[in-house]
Amino acid sequence: MYASGKYSSRGPALIPRMKTKHRIYYITLFSVVLLGLIATGMFQFWPHSIESAADWTLDKRSVHDAPLVHLPVSSPIPERGDLSCRMHTCFDVYRCGYNPKNRIKVYIYPLQKFVDELGVPISSTGLSREYNDLLSAISDSDFYTDDVTRACLFIPSIDVLNQNSLRIRETAQALAMLPRWDKGMNHLLFNMLPGGPPDYNTALDVPRDRALLAGGGFSTWTYRQGYDVSIPVYSPLSADVELPERQPGPRRFFILSSQTAIHREYRAELERLKEENGEALLLLDKCSNLSQGAASARKRCYKGQVYDYPQILQESSFCVVLRGARLGQAALSDVLQAGCVPVVLADSYILPFSEVLDWKRASVVIPEEKLSEMYTILKSIPHRQVEEMQRQARWFWEAYFSSMKAIGLTTLQIINDRIYPYAARTYEQWNNPPIVKWSSVNSPLFLPLIPPRAPGFTAVVLTYDRVESLFRVITEISKVPSLAKLLVVWNNQNKSPPEESLWPKIGVPLKVVRTKENKLSNRFFPYDEIETEAVLAIDDDIIMLTSDELQFGYEVWREFPDRLVGYPGRLHLWDHEMGKWKYESEWTNEVSMVLTGAAFYHKYFNYLYTYKMPGDIKNWVDAHMNCEDIAMNFLVANITGKAPIKVTPRKKFKCPECTAIDGLSLDQTHMVERSECINKFASVFGTMPLKVVEHRADPVLYKDDFPEKLKSFPNIGSL
């Protein structure tokens, strides 16, 4: 009892003392563990990139902290530059190799401060803000890599944007000291202000071996076509002054000249034009009554009247861009930003990014000797064309001129397109402002010459309530090797689809989509579930096609992804007696349509059918519950200008449930309705886009007297 009483009296007192003694220890340990878990989670899930961990920015590496590199007087000097260089002679494309993204990798050299033996820097300005912005933008892009072994293109951290600030010989020696220089192979230099007094060469005077040059003042004499890249001269006003976009149309002035340092002969000619055309032409110059400085750079004057620059540029339809001491002028960028059509008078000047940009759509180029005829030439341009040029000029600035980032990444994209031409941007992508962006689909007219990222095809089966036939179709299609997914479009709003357990078990994903209305156009809707480029549209009663026929049809489509590839062919004919088009399903030697009851096509056409079908055709089809296949044939033929491709001998889809009498009666009514569709659609399109051909595609050897095991597609159905 005593021991028990003793324990009872001491036990409760010992426990609190033990907690107090170790409480701080346990709390500290728990806090450390918790903070470690939080830090680990943040590192794991916070957006970051391994490659960007060593991004090139001045925020992380100051030019003052850069290691000092002394250039011995005897350091080698690169050769002047080979004017005969082209991508196939002076660029090693094998460094770039193949990668799934078809994107070059760009390495930026670490920042170093080069000085001569006396400690004098090679540049009077060091690293400019513009060049820092350029390199930082590249380091933040998908082009960048910090792994020098993966690099296809090398960019020095030596700023040569402005030749005026450079010591030519020492800069060349610094380039030659770069560890992977290799006579400039696969190196890219950016220069906007080339040459110097008195001759002002149109390309950078720094000897650079075989390096590519992105230059801002090329002439036809110094530009190596297909190798160098002509870039704009960046205007600092782009970052300092925001000009709101102005709607295209007539402006206060017809022609405006705002440059201040133009040759006296050109100014005299402009003054003569001013006298002849009065208020239609505004001739500005620098303001002599203002003190020099940043404020005066943003002012222009005419006879004592002061105008804000570049705002005044928005008040004119056309703006003159004359050559100065250098061919490339920052005024071009200011003019484009204002949505004013530039009138370029600079003989032999290579316009920026002219390798990909169609400058005829955004500017007027006039020979210098025809300056006196400028007013007459511009007056001959229709008003509607001027408005289109104004709109295009502004878009060029927004997309390619507005920042050092835009200039740098456009330059890299042009080089990228040369190295991976099959994945290059199209003329339309470079020159057409994006109106509708369909990020999940590419036009088959411009597909890259590589297999689609998601191989195979998606079968889209439109059904209403023929469950037994539907299940047979699913079972047969599932035997096709290239089937990637099967999508059932359930078009019956009054009846639910069968339970999941009743559906056929197949080896690919099976998805059922329920529609809100019973429309034939539902079969051509761009469902998110369609991830492949190829689509097989097939009805729920097409059970006669073999897996070989379907697989062969898909293989043909892969060769011709911009076509409709189908089985039974149909023809449109002109009825001279009735004076209208007629639908024909008899066996003939010609085909102008294929039935989409079983046809392959590119999913891009689903978007066009749903959102871009001309007139009321889509609603007309849904109202009449007929002719959606003819509408799709019209659409594809009108877009591509090409006929469909019929594959295999099969000419008809036989209906197992139809009697001969019913079939004959239905066929007569059917033919009349289909003929009405053709005439309706031709009227809406304003033309007959369907093209007639006299050929079909069959597998090689399929009818030859060879063993079946030698044939790729032995089981091809009959007529």
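Predicted model: local features only at pLDDT ≥ 70, side-chain atom pairs only at ≥ 80, totals over all residues.
Most residues other than glycine have a negative phi, and most peptide bonds are trans. Lys183 has a positive phi of about 60 degrees although it is not a glycine; this residue sits in the loop that runs between α4 (168-176) and β5. Pro310 belongs to the loop between β11 (305-308) and β12 (316-322).

An annotated segment may be set beside the model. In an unreviewed entry, UniProt lists residues 256-283 as "coiled-coil region". In the model this span is 50% helix and 18% strand, and its end C-alpha atoms lie 6 Å apart.

Two helix pairs come next. Helix α10 (residues 383-401) packs against helix α11 (residues 404-419) at an angle of about 80 degrees, the axes being 7 Å apart. Because angles of 65 to 115 degrees count as roughly perpendicular, α10 is described as roughly perpendicular to α11. Ala399, Tyr400 and Phe401 of α10 meet Ala406, Ile407 and Thr410 of α11. By class, this contact has five nonpolar residues, one polar residue and no charged residues.

In the second pair, helix α15 (residues 604-611) and helix α17 (residues 628-640) pack at an angle of about 110 degrees, with 11 Å between their axes. These two helices are therefore also roughly perpendicular to each other. On the α15 side the contact is made by Phe605, Asn606, Leu608 and Tyr609, and on the α17 side by Glu628, Ala631, Met632, Leu635, Val636, Ile639 and Thr640. Eight of the residues in the contact of α15 with α17 are nonpolar, two are polar and one is charged.

Rolling a probe the size of a water molecule over the atoms shows where empty space is left. The model has three cavities of 30 Å³ or more, and the second largest cavity holds about 40 Å³. Its lining consists of Leu564, Ser592, Asn633, Val636, Ala637, Lys642, Ala643, Pro644 and Leu690. Six of these lining residues are nonpolar, two are polar and one is charged.

How values were computed: Residues numbered from 1 in each chain as written. Heavy atoms only, no water. 1 Å grid on protein atoms, 1.4 Å probe; cavity = no way out; pocket = protein on both sides within 12 Å on 5 of 7 lines; lining within 4 Å. Points joined across faces, edges and corners; volume = space filled by probe spheres on them. Nonpolar A, V, L, I, M, F, W, Y, C, P; charged D, E, K, R; others polar. Axes fitted to C-alpha atoms, helices over the stretch in contact; angles between N-to-C directions. Helix = DSSP H or I, 4+ residues; strand = E, 2+ residues; numbered from the N terminus. Parallel < 35°, antiparallel > 145°, perpendicular 65-115°, else oblique. Contact = heavy atoms within 4.5 Å. UniProt positions renumbered as here; feature names shortened; annotations may be inferred.
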